[in-house]
4 protein chains.
Amino acid sequence: MTKPKQLWATKDNEKSELQQRVEQFMSGQDVILDQHLFQFDIQASKVHAQGLQRIAILTQTELNQITASLDELLSQFENGQFVLDQTFEDGHSAIEYFLTEQLGDLGKKIHTGRSRNDQVAVATRLYCKKALLDLKQVCVRISQVCLTQAEQHADSVMPGYTHIQRAVVSSWGLWFASFAESFCDNAQLAQQTLDWIDANPLGTAAGYGVNLALDRDYTTEALGFARMQINPMYVQNSRGKFELQVLTAFKQAMLDVRRLAWDLSLFTSAEFNLVKLSDLFSTGSSIMPNKQNPDTVELMRAQYAKLVGAYNEIESLLSLPSGYQRDLQNTKAPLINGITESLSCLVLVPELLSGIDICHTDCEKAIEPAMFATDKAVELAREGVPFRQAYQQLKDNYQDLASRSSSQSLQERVSAGACANLKLSEMAERLENA
Amino acid sequence: MTKPKQLWATKDNEKSELQQRVEQFMSGQDVILDQHLFQFDIQASKVHAQGLQRIAILTQTELNQITASLDELLSQFENGQFVLDQTFEDGHSAIEYFLTEQLGDLGKKIHTGRSRNDQVAVATRLYCKKALLDLKQVCVRISQVCLTQAEQHADSVMPGYTHIQRAVVSSWGLWFASFAESFCDNAQLAQQTLDWIDANPLGTAAGYGVNLALDRDYTTEALGFARMQINPMYVQNSRGKFELQVLTAFKQAMLDVRRLAWDLSLFTSAEFNLVKLSDLFSTGSSIMPNKQNPDTVELMRAQYAKLVGAYNEIESLLSLPSGYQRDLQNTKAPLINGITESLSCLVLVPELLSGIDICHTDCEKAIEPAMFATDKAVELAREGVPFRQAYQQLKDNYQDLASRSSSQSLQERVSAGACANLKLSEMAERLENA
Amino acid sequence: MTKPKQLWATKDNEKSELQQRVEQFMSGQDVILDQHLFQFDIQASKVHAQGLQRIAILTQTELNQITASLDELLSQFENGQFVLDQTFEDGHSAIEYFLTEQLGDLGKKIHTGRSRNDQVAVATRLYCKKALLDLKQVCVRISQVCLTQAEQHADSVMPGYTHIQRAVVSSWGLWFASFAESFCDNAQLAQQTLDWIDANPLGTAAGYGVNLALDRDYTTEALGFARMQINPMYVQNSRGKFELQVLTAFKQAMLDVRRLAWDLSLFTSAEFNLVKLSDLFSTGSSIMPNKQNPDTVELMRAQYAKLVGAYNEIESLLSLPSGYQRDLQNTKAPLINGITESLSCLVLVPELLSGIDICHTDCEKAIEPAMFATDKAVELAREGVPFRQAYQQLKDNYQDLASRSSSQSLQERVSAGACANLKLSEMAERLENA
Amino acid sequence: MTKPKQLWATKDNEKSELQQRVEQFMSGQDVILDQHLFQFDIQASKVHAQGLQRIAILTQTELNQITASLDELLSQFENGQFVLDQTFEDGHSAIEYFLTEQLGDLGKKIHTGRSRNDQVAVATRLYCKKALLDLKQVCVRISQVCLTQAEQHADSVMPGYTHIQRAVVSSWGLWFASFAESFCDNAQLAQQTLDWIDANPLGTAAGYGVNLALDRDYTTEALGFARMQINPMYVQNSRGKFELQVLTAFKQAMLDVRRLAWDLSLFTSAEFNLVKLSDLFSTGSSIMPNKQNPDTVELMRAQYAKLVGAYNEIESLLSLPSGYQRDLQNTKAPLINGITESLSCLVLVPELLSGIDICHTDCEKAIEPAMFATDKAVELAREGVPFRQAYQQLKDNYQDLASRSSSQSLQERVSAGACANLKLSEMAERLENA
């Protein structure tokens, strides 16, 4: 293929240095990002062509030709024969060029009744649906690993902290189960968000529809959307709006990764020494021979910040009146980068969690008599002492507690969800229905 | 009631100026904000007491006394007899003081098996559920007004813009319908978010449960929660996490308000002059006698920024390890302020929209022949001219289009959702099921 | 004073409930926030009147009357006789009302040649200058405390961490000195920012100047500004712009408070146990009798988030064309709240730092032989062994290091700024010139 | 060169797929970003070697060899012979590899007394200084173009807007001058920020200095720093802190670009039609043959969002205790991308501004009689009518104003900075001293 010229370029001209800088500024990394959208754009183009055949804009033969050509394009893209790079203005027009190159005038028909605006919208929507499905699946996997670990370590003693201060006796079972439930929620949120955006924008052109009775019911079904996004203007107005919501689903999962990474960062310090991580997740120092640092965990903690950046970047674009504005093109990079980088982190979490090696002895050593005071206060309350009075009585008065055992304390923590009653099977059940 | 001392103050002492500054710094506006949570805290306290009676910590008589006293407190709070102000440390401990003041030792029993941590969590959760319900309802109302307006103005000509440039003929019906569908989505999101957080945190104490078989199934049902939030540690870890998600639901609605306000800000300028607003929504200038400005609309546009602030503030707190940290207390102000201010804006939108006065003559005047070029290109494509060729043919060649009429153009825009096919009843139906 | 009506209200009318909700939405907390600006507004009003006298709009007698009346207003405001509350539209128009109430027609002259727009701008500018001066002073104070502590604890051993992992021997002197230098930079930034905004906006009216030869050179000097902000349109366009920069100066200081609070939060844990804080800075738990938590430190860590919220809120407003838009009014609340809350935290830091009680024994215990490996590697390099080779040689080979002493290690750390060479006097000198 | 192994890899091993994913996650685009820092890293490495020679760690001959080798590396990097890509862990270790490859054991000496931590810090600091200088220069250039345009169009009539509503007569001179003063401030801020960070971090190792009397005074001077960053721990703690401040300097300039782009976006609409842009800055539509859109201006407006993302991403990382944490590595991408993208936009602004074509006829047509009301009110005030009374008198009473001329109004706007008194030479003078 020869380097295509822009669709609307009216004359060929030598480009000044300034012109090149303008073009460079305007395109940026756009076409590279389109590699993430290309398969979805091709998929939607095929369905758009089917729709055109159904209203007699294309004949069956023409449709067959276009379909074959689009299949060919996808195949070439996947095997690297067709490279989507800066020689194209963007992935969306690349499709039209490929078809025109292969099919001549017939290729020029593919854009009938559609605009790059709805082409971008439908490809992005399909991409987001896939991303949310990936998110859901990895959250389910993480939750499952946590459930397995929680079960295995249900009775392993662990100091329970509030304010990063030793508070009460707790268990590794409780700790793992907290992430199990959290990632179950994250999986559900991914699904809900997917449902929320599961609407077909194809067939709305530049935001005002067209004077063609496009068969949008057909394309909605053929593309696997749950419903049609009806209003053409809303399709444009939902750019950024939907992207933000997709990113919030990722943010919730990554927020929990940040907390998890904080825990492990502290727990692997010499001071806490509650766990050891697999070698895979640590590295050395360039000047200090003695160091072995939990770098991977720190970068996991850091990863949430990328989503903060991506989300705020998109949000900052969205102070605009109705209708498409070019500003919206800049939602693409933060959306795709935010998703890609989050997934590259999330897929490591199951191995990280399953490889945790608990330092049982140090965990036990961290239990001090005062950490039984709450148990005792509740016992007194159970016997009829008003709780606030029991509380005052126990204050700074821990000598009698020294003989208590951690495992006993765990066994008596029977309130639903607590150490003696983790309710893992309820969580597992909910996870299956997520 | 006398001014209560702190629960954990071991001795009364004169407070130094520094101490006062520390306390002032630590409490801030906290107790004032608790006025928003107080009714929910009382409600949850009643149910907690019922739960304690079910496991024999309280007798039926004691429960009755506590219930009566809590009802009394609510009633005094609502009629202003009981003022929740800075004489209390916070609303949560105010309840215990009131009960102790009224019931003596019995009052000191209410805190058995619970912590301020789960007390805060349950009151906040109930508050958020109510806020999301309010959000949903106002979104439904806005959507309904839009549907009514869209139907009434279905055939009213309006210039359609992209890039704030005149693009094609459009209709006010399409414009109103775009917001109808958008606010229908917003209503649905409010409901989904409500579903997502609809889990009972009561009964998890300070994050590690208690050595009491609290009847959490009962309190879950009695408080109207859809499910139990099982893991006590997760209850604490979900602080901030859930608040963020609640705010995103508000953000989506307010993002659309921002776009709406942008439209109206432009449309009311002398240059566009497409609509007039009700006098209610404009004000004058202190120096320029001639000015009548759409201030309310500008402040509506500005309102989204408060949510940006609130959301980012909460998010910025959440780089913490597991378990309760005092930092989390600071999620309260942005949550409550963000919700309150958003609702105060959203409730004005129905009147704003229903009071819009369209300047039909100026709308018609804004239609130029070139705005029919896309129609014509599609017509040519329908006749078999490859679309890209038709497009090139039309470029800068608009003389033949001068005779076209706007209403004709609207009538031919038949693709689903477009001006001739707004599908308002489909939207209305979806709205009913939101 | 009777309740004033709005300046531009053309007729008195009964307000509908909707109208009241609109007004409530539009004014918000505005007039309450104006309490922070009021003294500056009065100050600028006096100088504006002086300027009007210099160009013969006011006679000397009129000026004297207005000056006396403004002095009276300030005095009444300060002693609580004049209350700036919701009966006024805002603080800016309250001044005109007071003057008109006291002086009749003469009061109506004060607004000649000015707009509320430049009145707001000049009061806010003066307020920001004062805030930055306060910021600078508290940063200097913090830096001084750090220098004192660094000198006192120059030889106190402390484990040096990277990745929250023990790395090398370090000293409390180094730790305190790090904050000394940081807050010295913060003081300098406050001063630079003050210089940057030190420009007089008074005399630019609503953004287009006036047909009066206002003596702006005079008002610039009389108000103590370093220069005139020349362009009237820029005065309006700098709203938000300058506020953001003021907040970044506060952010830098509060960012260091966050890091400081993180250190102390970890160091006060049972696991680290490197320091104890004054009782003043900790509190108990409502359910766990045994807890004493560093709550104040946690809330200090949390405080930065308020600035994140404030900054992002203002920033989110600023996607607007040139000229005043009502949106800009909403810069006021985040600016004032951000500043007020930051200062309320910063003033506590000197006491916090000077009250730190170092646990020397535990600090010493935290030093392990491997922490001397870097020292040894550098010694080998000094003797000619290529550093990378020395590094490899030391790896996992620490037995020879067990005999080394911490104090020896500190004494040999002679590179400029390091433990044996803290350069505190250089810092003190720079601080004096900040 | 052969593919280098990691500095601290103790054994060569086959990497599992998981290991590869971990490494991919950890390195990300890091080494690619290092291309921006590489020349500065080489520069600092040369000076570090000079410093080592001054304290006899290297002989003069060794220094000469290292210097020659580093010069060779820079030259190979610049001509593309040496490619910094993913075969290296990062740019910082690439230098050591290159030296070791070329010089054997001597190459292994370069890291004596330094850590990658201070190597990163010094390269980044030099990069930021250069970026701020570039920023300052482009701001000066923009301001100069604005001054030229303001002078040329000093008397060209333009409607003056507040609230996007026609307010008073104004001039293009005033509009251009507003950006002239704004970008003069931006240039000054760039310089101030440069001064603030102009401190040498080299010689602080991993945050605790070294047991070598490194000649930091020498390296400070040789690298052109204004002062030494004294405290080693502060060097690490200032990571992110300084980056944020650098980005705020860029934000201020880009914030003005956003406002400028908003103005031009509105002014080029058919409704306003106040200016035409050069063809260079507009493009067409894929479906609407009639469209010519100001896309470049829209993308300029959008560009600020990237800085919002970058700034928030870095900020979100910075909730950490003292000392280096790996999280800080992730400050690099947003810093470099934010700067690079901002500069790519800013360099286009001078051409954009100088190519503006004013539609004088439409500007004149936009002037309505009511826009003279403020002039008239001030005239009455000048004659002794209390301003507020004059204001009321003029309200809705504009018939007498119809005979006024725009140019007369401009000539009488004599307050400093206003249309008849733009004070361009004062601005030019301040710009020269920026």
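I started at C:W175. Leaving aside neighbours within four places in sequence, I found C:W175 in contact (heavy atoms within 4.5 Å) with C:M158, C:L260, C:D263, C:L264, C:F267, C:L353 and C:I356 of its own chain, and with D:M233 and D:S322 of chain D.

Ground rules, before going on. This is a predicted model, where local features need pLDDT of at least 70 and side-chain atom pairs count only at pLDDT 80 or more, while totals for chains, interfaces and linings use all residues. Residues are numbered from 1 along each chain as its sequence is written, chains are lettered from A and ligands numbered from 1 in the order written, and side-chain values use heavy atoms, without hydrogens and water.

**Core**

I looked up the largest nonpolar core next. A nonpolar core is a set of buried Ala, Val, Leu, Ile, Met, Phe, Trp, Tyr and Cys residues joined through side-chain atoms within 4.5 Å. Buried means under 20% relative accessible area, exposed over 50%, partly exposed in between (1.4 Å probe, protein chains only). The largest core has 620 residues. A:W175, B:W175, C:W175 and D:W175 have the most contacts inside it. In soluble globular proteins, nonpolar side chains tend to be buried together.

**B:N186**

B:N186 sits in helix 7 (residues 172-197) of chain B; helices are DSSP runs of H or I, at least four residues, numbered from the N terminus. Is B:N186 buried or exposed? B:N186 is buried, because its relative accessible area is 0%. Beyond four places in sequence, B:N186 touches B:C139, B:Q252, B:A253 and B:D256, and also A:W196 and A:K241 of chain A.

**C:Q50**

I moved to C:Q50, in helix 3 (residues 38-54) of chain C. Leaving aside neighbours within four places, C:Q50 is in contact with C:L63, C:Y218 and C:A222. The side chains of C:Q50 and C:Y218 make a polar contact at 2.5 Å. A polar contact is a pair of N or O atoms within 3.5 Å; within protein, one must be able to donate a hydrogen and the other to accept it, and residues adjacent in sequence count only if both atoms are side-chain atoms. C:G203 is 153 residues from C:Q50 in sequence, yet 12 Å away in space, C-alpha to C-alpha.

**Chains A and B**

I superposed copies by least squares on C-alpha atoms of residues with pLDDT of at least 70 in both. Chain B goes onto chain A by a turn of 180° and a shift of 0.0 Å along the axis, with an RMSD of 0.1 Å. That is the relation of a two-fold axis. The C-alpha of B:Q192 is the one in chain B nearest the axis, 3.5 Å from it.

**Chains C and B**

A rotation of 180° with 0.0 Å of shift puts chain C on chain B, RMSD 0.0 Å. C:G309 comes closest to this axis among residues of chain C, at 1.9 Å (C-alpha). The same surface serves both copies, since 100% of the contact residues of chain C recur in chain B.

How many residues does each chain give to the contact? I noted 54 from chain C and 54 from chain B. I count 6 salt bridges across the interface, by the rule of a side-chain nitrogen of Lys or Arg within 4 Å of a carboxyl oxygen of Asp or Glu. B:D327 and C:R301 meet in a salt bridge at 2.7 Å, N to O. Helix 11 of chain C gives the most to the side that touches chain B, with 17 residues.

Definitions and conventions:
Helices (H or I, at least four residues) and strands (E, at least two) are DSSP runs, numbered from the N terminus.
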